[in-house]
Amino acid sequence: MKDILYAPWRDEYVTNKKIDGCVFCHISSSQNSDDNELYVLHRDEHCFMVMNRYPYTPGHFMIIPHLHTDKLEDLSSDTWLHMSALAQKSVKLLKEGFGADGVNIGMNLGKAGGAGIAEHIHMHIVPRWDRDTNFITSISQNRVYSTDFIKIYEKIKSLIPEYI
């Protein structure tokens, strides 16, 4: 039994109520009063920004269009350009306000493209730090999340008015 990794923060994943249908559409259609419970960082007419509940690194969030589609080519130019502008501002937020040394931006389109939620496109914004990759990710196919998720959410959300 020495191969057990305890991750008590994932208890909510197992015990929390299940969402019927698309989780991103659920967040998109929810009321602003639910934003803290859903870890929404920002909303506007084109899209919303939400923390990734199972992040690659602390501060990993996503930019998601309100339109439910699995095809980037179905987005209006206005929505795509708006998402791109938010990504650019998000990089500045993460570097200047959050102290990231770099940022990964990416979209996995379709199941074959690696999308975990393939039915609704979304853009990942992942802060990175020098020396943030360690042996456990490479050897054990596990990630170490070194800080409290809620504290990170609150920090990034506090930076939104200044950067977004």
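**View 1. H42 touches F48, M49, L86, I160 and I164, where residues up to four places away in sequence are not counted.** Touching, or contact, means that heavy atoms lie within 4.5 Å. This is a predicted model, in which local features need pLDDT of at least 70 and side-chain atom pairs count only at pLDDT 80 or more, while totals for chains, interfaces and linings use all residues. Residues are numbered from 1 along each chain as its sequence is written, and side-chain values use heavy atoms, with hydrogens and water left out. H42 lies in strand β1; helices (H or I, at least four residues) and strands (E, at least two) are DSSP runs, numbered from the N terminus. With a relative accessible area of 17%, H42 counts as buried, a word that stands for under 20% relative accessible area, whereas exposed stands for over 50% and partly exposed for what lies in between (1.4 Å probe, protein chains only). The side chain of H42 also makes a polar contact, at 3.0 Å, with the side chain of D44. A polar contact is a pair of N or O atoms within 3.5 Å; within protein, one must be able to donate a hydrogen and the other to accept it, and residues adjacent in sequence count only if both atoms are side-chain atoms.

**View 2. Five strands form an open sheet in the order β1-β2-β3-β5-β4, with antiparallel pairing.** The strands at the edges are β1 and β4 (102-106), each of which pairs on one side only. Two strands are said to pair if DSSP finds at least two bridges between them. Neighbouring strands of this sheet are turned against each other by 15 degrees on average, with direction ignored. Such angles run from 0 to 180 degrees between N-to-C directions, and the axes are lines fitted to C-alpha atoms, for helices over the stretch in contact. In the protein chain as a whole there are six helices and five strands, and along the sequence they follow the pattern α-α-α-β-β-β-α-β-β-α-α.

**View 3. Strand β3 (residues 61-65) is largely enclosed by the rest of the structure, because five of its five residues are buried.** In a regular strand, the side chains alternate between the two faces of the sheet. Here F61, I63 and P65 point one way from β3, while M62 and I64 point the other way.

View 4. K92 is a residue of helix α4, and at 44% relative accessibility it counts as partly exposed. K92 touches G97 and Y163, again not counting residues up to four places away in sequence. Although K92 and I164 are 72 residues apart in sequence, their C-alpha atoms are 9.5 Å apart in space.

**View 5. Y39, F149 and Y153 form one aromatic cluster.** Rings of Phe, Tyr and Trp (its six-membered ring) pair if their centres lie within 6.5 Å; planes under 30 degrees apart count as stacked, over 60 as edge-to-face and the rest as tilted. By this rule, the count comes to three aromatic pairs. The rings of Y39 and Y153 have their centres 5.2 Å apart and their planes at 85 degrees, so this pair is edge-to-face. Y39 lies in the loop between α3 (35-38) and β1 (40-43), whereas Y153 lies in helix α6 (residues 149-163), so the pair ties together parts that are 114 residues apart in sequence. Both Y39 and Y153 are buried.

**View 6. Y54 lies in the loop between β2 and β3.** At 32% relative accessibility, Y54 counts as partly exposed. Y54 and F149 are 95 residues apart in sequence, yet their C-alpha atoms are 9.6 Å apart in space. Over the whole protein chain of 164 residues, 36% count as buried.
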